[in-house]
Amino acid sequence: MTICVEQFDFGSHFEDKNKHSEDINELVLDGGFVQPKQDSNDAFVAPDINAFGHTFRNYDEESERQKGVEEFYRLQHINQTFNFVKKMREEYMKLDKAEMSIWECCELLNEVVDESDPDLDLPQIQHLLQSAEAIRKDYPNEDWLHLTALIHDLGKILLLPKFGELPQWAVVGDTFPLGCAFDEANIHHKYFKDNPDIKYPEYNTKNGIYNEGCGLDNVMMSWGHDDYMCMVAKENGSTLPKAGLFIIRYHSFYPLHKENAYTHLMNEEDCENLKWLHVFNKYDLYSKSKVHVDVDEVKPYYLSLIEKYFPAKLKW
């Protein structure tokens, strides 16, 4: 049995290659984008500890916050089922919750704190700007990557009343495929034993209902801010390149990009785009800090990128 979930038509990559690719301090990934060598003293350096004094993504450290994070994953692993995701995709594909600009959505995130994140408890707009500014510093010519960092978490507005006020487990946290076996690389894997999909044999083999190499576009991912924001961008005609939309949809898919799980479902295009997700993840994860970015100072730059890659108003 094979299933094809609605494909994301990410559109074509930029035709213009980065004009600085001949510089001896730069190299080009398969996607055609330039990746500078990180040999500058000013390049972003990943810290060893998070804002709470612990190692990043440490789900074993004893603390009240960690207990809350584990409870979050217990609820997520039990409630994220194939049928639940199908229902959510049908509901939110309507894009009938609001009409607003990208920057207006960024400002809404001042009301959101991600309870699944063991590394930071600041409003989300600060995390977006911290990630974007760190990438901008190291990759000054890749403006699409700066904007991708700014918007990658905008889907967390699903936590707000106007957008359904979904529970945290239906919006944030690591993502994973439905319709195939739950890989042990998933955080707190033990709680999947209570997921209703366990009782369906067709969902519990390595490939499940998919064909090997089918491509991640054809895989039903757990529902959350990643899938929603990618849907919003695509349906509103964003001109971000494929790599940017790939980053948005899979940046929380840590079992894949950190543990190399589920690679048997990837196709060649996924492998190409995964290289950029690995670049992005360093800044998404390790740029989280208590140091605030001056919003008024950087806002004009990001407004110019929004105008370049998005319409003035989007349906959400």
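Leaving aside neighbours within four places in sequence, which residues is Ile 102 in contact with? In this predicted model, where local features need pLDDT of at least 70 and side-chain atom pairs count only at pLDDT 80 or more, totals for chains, interfaces and linings use all residues. Residues are numbered from 1 along each chain as its sequence is written, and side-chain values use heavy atoms, with hydrogens and water left out.

Taking contact to mean heavy atoms within 4.5 Å, Ile 102 touches Ile 151, Leu 154, Met 229, Ile 306, Phe 310, Leu 314 and Trp 316. Ile 102 also belongs to the largest nonpolar core, which has 90 residues, and is listed there with Leu 150, Ile 151, Leu 154, Trp 223, Phe 310 and Trp 316 as having the most contacts inside it. Such a core is a set of buried Ala, Val, Leu, Ile, Met, Phe, Trp, Tyr and Cys residues joined through side-chain atoms within 4.5 Å, where buried means under 20% relative accessible area with a 1.4 Å probe, counting protein chains only. Buried residues make up 57% of the 316 residues in the protein.

The protein has 10 helices and 4 strands, which are DSSP runs numbered from the N terminus (helices: H or I, at least four residues; strands: E, at least two). Helix H6, residues 225–235, is largely enclosed by the rest of the structure, because 9 of its 11 residues are buried; among them are His 225, Asp 226 and Met 229. The cover over the buried residues of H6 includes helices H2 (82–92), H3 (102–108), H5 (143–151) and H7 (242–250), as well as strand S4 (314–315). Just after H6, Gly 237 takes a positive phi of about 80 degrees.

Notes. Buried means under 20% relative accessible area, exposed over 50%, partly exposed in between (1.4 Å probe, protein chains only).
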